[in-house]
Amino acid sequence: MDLTNPNDPPPEYIQAAQAHGMRLRQSAPIKRGPYPIDLPILSYLKSKRVILASASPRRKALLAQLGLSSLEVSPSSEPEDLDKASHTPEEYVAATARRKCLAVYQAALAEQEEQEAKKAKGEPLVEEVPADPALVIAADTIIATRAGQILEKPRSEADHIRALKHLRDTRVHRVLTAVCVLAPKADATHPGYEIAAHTEETSVFFAQADDGLPDDVIEAYVRTREGADKAGGYALQGIGGMILVDKIEGSVDNVIGLPVRKCLQLCEKVVFRQGEDEEGHGSEEE
């Protein structure tokens with residue numbers, strides 16, 4: 001390797017050290033990539049069928065970073081048609097996440113029963129009968145204004161621009177994420193599953209027009225489509241975080257779409273500590 005050639009890629013640390021005559025003590029090989037988190041719940045779930053009832057790439061990425069890289073993504077087709085006027089933001093987001101979780105779990109069971117029936121009749125199967133779902137994770141994220149109004153998710157570029165201008169002009173808003181997890185009951189008692197839920201809130205402060213966020217900056221950001229898959233129309237960990245957001249009060253992962261620590265706690269609860277709370281109702285938090 002020619003260390004003086006600018007077209008050569010930079011050498012690895014050990015190669016560079018040896019090239020400069022540095023003596024290195026023998027040590028364990030350097031590990032590359034992320035270190036796995038060694039938690040009982042993650043070790044258990046890695047070999048199980050885990051369904052993420054969401055098409056959000058950010059939620060999938062957050063769980064993959066924990067080690068759940070083989071998630072089965074199955075977005076819910078349940079309509080989000082709850083009346084926003086008759087529900088508080090907290091009630092709305094919790095109910096929507098729960099509906100998604102139950103709908104995806106029931107759909108998985110129905111598909112499994114259909115495949116089992118075909119197998120019993122000797123009909124050819126396109127694929128093997130899927131294993132029982134060991135866990136379903138669902139989440140929903142909404143934005144609520146200071147007045148308690150639930151901001152509609154933008155459906156077009158023009159809606160996206162209007163939404164972000166509204167968030168800028170109202171300065172602060174609340175991001176609410178509800179996560180709901182479900183696991184089948186080991187003893188198969190009614191209702192056959194253990195379910196737990198949690199709603200978390202983060203306050204997000206947007207920059208103002210005179211802080212460098214005039215209309216043309218918002219319009220340029222929307223054209224990047226970076227935040228198009230977000231409930232609030234911005235991506236905190238990307239350009240949106242640098243340009244739109246001034247500060248946050250609360251969990252960053254909640255704004256991205258999944259309160260990770262609480263999600264892990266709920267998973268442990270429904271899998272390892274079934275029946276500890278209200279008997280006959282599963283274990284649920286709000």
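Modeller: Gladly, and please keep in mind that this is a predicted model. Let's begin with R171, which counts as partly exposed at 27% relative accessibility.

Biologist: Where does R171 lie?

Modeller: R171 has a positive phi of about 70 degrees although it is not a glycine. Most residues other than glycine have a negative phi. As for its place, R171 sits in the loop between helix 5 (157-170) and strand 4.

Biologist: And R225: is it buried or exposed?

Modeller: R225 also belongs to a loop, the one between helix 6 (215-224) and helix 7. Its phi is positive too, about 60 degrees, although R225 is not a glycine. The cut-off for exposed is over 50% relative accessible area. R225 has 57%, so it is exposed.

Biologist: Which two residues does a cis peptide bond join?

Modeller: Most peptide bonds are trans. Here the place to look is the loop between strand 4 and strand 5, where P191 is found. Omega is about 5 degrees for the bond in question, and the residues it joins are H190 and P191.

Biologist: How many bridges join strand 4 to strand 5?

Modeller: Strand 4 covers residues 172-184 and runs antiparallel to strand 5. In this pairing, A183 stands opposite E194 of strand 5. The number of bridges joining strand 4 to strand 5 is 13.

Biologist: Why is strand 5 described as largely enclosed by the rest of the structure?

Modeller: A residue counts as buried when its relative accessible area is under 20%. Strand 5 runs over residues 193-206, and it is largely enclosed because, of its 14 residues, the number buried is 13.

Biologist: Is D140 buried or exposed, and which side chains make polar contacts with it?

Modeller: D140 belongs to strand 3 (residues 133-144). With a relative accessible area of 1%, D140 is buried. A polar contact of 3.3 Å links its side chain to that of K100. Another, of 3.4 Å, links the side chain of D140 to that of K153.

Biologist: Last one: which residues form a nonpolar patch on the surface with I243?

Modeller: I243 lies in helix 7, which covers residues 239-243. Patch members need over 30% relative accessible area, and I243, which is partly exposed, has 31%. The patch has about 270 Å² of accessible area in total, and the residues that form it with I243 are I239 and M242.

Methods. Residues are numbered from 1 along each chain as its sequence is written. This is a predicted model: local features need pLDDT of at least 70, side-chain atom pairs count only at pLDDT 80 or more; totals for chains, interfaces and linings use all residues. Side-chain values use heavy atoms; hydrogens and water are left out. Patches are made of residues with over 30% relative accessible area and no salt bridge: like charges are joined within 9 Å, nonpolar side chains (Val, Leu, Ile, Met, Phe, Trp, Tyr) within 5 Å. Accessible areas come from the Shrake-Rupley method with a 1.4 Å probe; for residues, only the protein chains shown count as cover. A salt bridge is a side-chain nitrogen of Lys or Arg within 4 Å of a carboxyl oxygen of Asp or Glu. Helices (H or I, at least four residues) and strands (E, at least two) are DSSP runs, numbered from the N terminus. Buried means under 20% relative accessible area, exposed over 50%, partly exposed in between (1.4 Å probe, protein chains only). Two strands pair if DSSP finds at least two bridges between them. A polar contact is a pair of N or O atoms within 3.5 Å; within protein, one must be able to donate a hydrogen and the other to accept it, and residues adjacent in sequence count only if both atoms are side-chain atoms.
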